[in-house]
Amino acid sequence: MLNAGSSARFAQLLTDQQDQLLKRWATLSLRGGRGRATEAELVAQITDLHAALLSALRADAETDLQAEEAAELRATLAELSGTRARRGFTPGETASTILSLKDAVFEGLDGADSTVLSDFVNFSRFVDELALFTFETYVQTREEVIVEQNHQLLELSTPVIKLWDGVLAVPLVGTLDSARSQVVMESLLQALVDTGSAYAILDITGVPAVDTQVAQHILKTVMAARLMGAECIISGIRPQIAQTVVSLGIEFGDIVTKASLADALLHTLRASGSDVVRRTRRAS
Amino acid sequence: MERVPVLKIRDTLLVSIQVDMDDHTALALQDDLTERIVDTGAHGVIIDITALDIVDSFIGRMLSTIASVSRVLDAETVVVGMRPAVAITLVELGLSLPGVRTALNVERGMDLLARTAPARADAIFDEADDDHHDDSVGDGVLTS
């Protein structure tokens with residue numbers, strides 16, 4: 001919040017000293033940015049900010065960041081912060097770009113009478129508000145990025161593959177938490193219905209560690225498939241994992257487990273009545 | 001009260017549940033089915049639950065009970081056509097329907113029964129008419 005008097009005087013200052021101010025601001029924030037952004041880019045961003053700031057300040061009432069007149073300023077700040085968040089800047093770097101405006105303005109102040117001082121205090125409080133706003137936008141953008149990536153990860157990591165007529169395979173990659181195992185279960189069961197397959201192979205080669213929780217999820221999937229009338233085979237059990245499973249006392253009961261996907265496929269083929277025969281070429 | 005029809009196909013009883021199952025319907029079905037197994041001497045029961053959206057713990061227990069009862073009467077029970085959502089719910093509830101065999105659809109259920117039946121059918125033929133032993137193998141297995 002910036003009162004009407006200070007607001008008007010700063011609008012005046014920003015217009016009068018535009019060129020020097022922009023130059024000082026750019027130099028200061030380049031120093032704070034640790035050379036990650038190019039100068040041209042920074043100058044463009046600062047010029048945008050300057051224009052947005054002016055449009056917000058010009059009103060002869062008090063300036064409020066949440067007000068309707070400041071919408072453009074907020075949008076500019078949000079865009080700056082958002083693009084930087086996606087490019088891997090730290091929120092501190094973005095905030096320091098905004099905060100260096102204070103120093104730039106301070107250098108341009110002349111005289112030391114009391115109005116200037118109180119104006120400057122008011123103004124710097126306002127700039128702090130702007131910096132805080134970019135910080136919030138930054139966090140929000142990062143949050144969105146994380147949610148987006150989570151979705152992509154879920155979709156990426158749960159393909160159901162048809163290996164043979166009546167044999168499906170689910171290669172599990174990455175740690176199985178309850179959300180992921182739910183997705184795996186749903187897509188596997190749906191695929192069983194769609195393809196009418198009687199066998200499904202859960203391949204856990206890509207699962208880095210199996211604890212009781214993960215085992216529980218796998219067992220649930222196997223049970224659900226059984227209820228629908230399909231047999232599940234667990235394959236891809238690495239030596240390390242086999243040892244962990246035994247030492248944790250996890251019981252797979254009568255579920256067929258195989259060391260490799262190839263063994264599991266062979267098992268399902270045999271169980272469904274097909275045989276794999278190796279052709280020996282006769283010497284002629 | 002609605003009743004669920006029990007159809008007899010050769011040696012198998014087919015129950016296709018098309019109505020919303022409440023507890024009374026479930027109990028009535030259990031009674032009807034037991035009586036029909038005894039009357040017809042069927043050796044297989046197929047319960048088709050394709051149309052069921054919800055299987056609660058009561059229905060789940062009914063399926064288990066039917067399986068146990070029919071096993072006592074020398075009939076194998078196969079539950080077919082369970083929907084993915086139903087399967088997930090049952091697993092989350094911790095109901096794994098012990099003793100119930102399952103298949104994806106009615107056809108596969110019939111196959112499953114046929115696979116378990118031949119030994120029994122042969123035994124009957126062997127004793128009934130020894131002379132035609134050779135003809136009977138693999139032919140008309142399911143008739144008794």
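Colleague: What share of the 144 residues in chain B is buried?

Modeller: A residue is called buried if 20 or more other C-beta atoms, placed from the backbone, lie within 10 Å of its own. In chain B, 33% of the 144 residues are buried. Do keep in mind that this is a predicted model, where local features need pLDDT of at least 70, side-chain atom pairs count only at pLDDT 80 or more, and totals for chains, interfaces and linings use all residues. Residues are numbered from 1 along each chain as its sequence is written, while chains are lettered from A and ligands numbered from 1 in the order in which they are written.

Colleague: How many helices and strands does chain B have?

Modeller: Helices (H or I, at least four residues) and strands (E, at least two) are DSSP runs, numbered from the N terminus. Chain B has six helices and five strands, and their order along the sequence is β-β-α-β-α-β-α-β-α-α-α.

Colleague: How many residues does each chain bring to the contact?

Modeller: Two residues are in contact if their C-beta atoms, placed from the backbone, lie within 7 Å. Chain B brings 13 residues and chain A brings 16. On the side of chain B that touches chain A, helix 3 of chain B gives the most, with five residues.

Colleague: And what is the average pLDDT of chain B?

Modeller: pLDDT is the predictor's confidence in each residue, from 0 to 100. Chain B averages 82, and 81% of the residues score at least 70. Over residues 130–144 of chain B, the pLDDT is below 50. Where pLDDT is low, the predicted coordinates should not be read in detail.

Terms used
A residue is buried if 20 or more other C-beta atoms lie within 10 Å of its own, exposed if 12 or fewer, and partly exposed in between; C-beta atoms are placed from the backbone.
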